[in-house]
Amino acid sequence: MLRPGIPLPSTDHDAGTGQPRPVEESPRQPTAAERVRTLAESSLSATLSISGIEVAETAFSGPRVRAVDSAGDVLLQVAADSPAARAATHAQDDDLPAVIGITDVAPVAVPHRVRGTARVSGWLTPVRGEARVRAARLLANTDPDAPPAHGAGWTVLRLEVGGAEIDDLWGAAAVEPDDFADARPDPLAAHEAELLQHLSAAHSDQVHGLGTLLDADDEGLTDGRRAVPLALDRHGLRVRFCGERDGFDIRFEFPDPVEDVCGLRQAMHRLFQAAG
């Protein structure tokens, strides 16, 4: 039901460094390709780095919306006058190397708040004609509140994926383009932030009580520590138990993968019931 993580170091600096890693792998965990695909299709802010363009020029011109099409290419809605749009248009049929960088930050207050980073690299081209209409429709489905991608002032770029990397709570891994294209994002990703915030605010005692599911040898490890629901996916819930100077993660796995919020409610109820 659970997989313990490595203790956090007793340091005051945040994120990225010193994140807990799983002691052992479980067959019930998202693959590296699924984790990258989930971040690529998330609403997390992203940076777009293009070969030959200074970072300062693109710092405030990252993609407004992004989506992944059926071929596994990443579609980006950017301002028509952005450095990215100008570079892709100028390159025409030439390959324009580019990298999308995504940082995953926990939606709850917790030490070492950055949960991971992902990089998706490939070649950037503008999307034109009928393909742009289809791309705009897909982008609109991703973020209905975004301005129309086919409207004035916006353009659509396509990143043909050449590879990806991820370094997160599960570890570091490289992802091949075919694996990225075949992976599916986690079905709970769009609701994860709201669900974790709700668990933290309304069910903190029950989340802390999950510590009773530890093995007998580990009884008492969670005493005096604050329990923060850190990450959630269809396979389970990760909780960070924080002390004054250190902390550690515990992964509580669901008996079966869940596919929607309704299934998650049932899985969480069973977890709380087992702990209670």
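**View 1. The largest nonpolar core of this predicted model and the residues with the most contacts inside it.** Of the 33 residues in this core, I50, V74, I100 and L124 touch the most other members, where a nonpolar core is a set of buried Ala, Val, Leu, Ile, Met, Phe, Trp, Tyr and Cys residues joined through side-chain atoms within 4.5 Å. Buried means under 20% relative accessible area, exposed means over 50%, and partly exposed lies in between (1.4 Å probe, protein chains only). At least two residues of the core come from each of α1 (32–40), β2 (46–50), β4 (74–79), α3 (83–91), β5 (97–105), β6 (114–126) and β7 (154–168); helices (H or I, at least four residues) and strands (E, at least two) are DSSP runs, numbered from the N terminus. A second, separate core has 32 residues, among them V108, V207, L230 and F272. The model is predicted, and local features need pLDDT of at least 70, side-chain atom pairs count only at pLDDT 80 or more, and totals for chains, interfaces and linings use all residues. Residues are numbered from 1 along each chain as its sequence is written, and side-chain values use heavy atoms, with hydrogens and water left out.

**View 2. Strand β2 and its partner β5.** β2 and β5 pair in the antiparallel sense over five bridges (two strands pair if DSSP finds at least two bridges between them), and T47 has G101 in β5 as its bridge partner. Leaving aside residues up to four places away in sequence, I100 touches A46, T47, L48, V74, L76, A118, R119, V120 and L159, where contact means heavy atoms within 4.5 Å.

**View 3. A181 in helix α5.** A181 belongs to helix α5 (residues 177–182), and A181 counts as partly exposed because its relative accessibility is 24%. Residues up to four places away in sequence not counted, A181 touches R37, A71 and G72. The C-alpha atoms of A181 and V74 are separated by 9.8 Å, although these residues are 107 residues apart along the chain.

**View 4. Two charges over rings, at F180 and W170.** R37 lies over the face of F180, at 5.6 Å from the ring centre, and the charged end of R238 sits over the ring of W170, 4.9 Å from its centre. A charge sits over a ring if NZ of Lys or CZ of Arg is within 6 Å of the ring centre and within 35 degrees of the ring normal.
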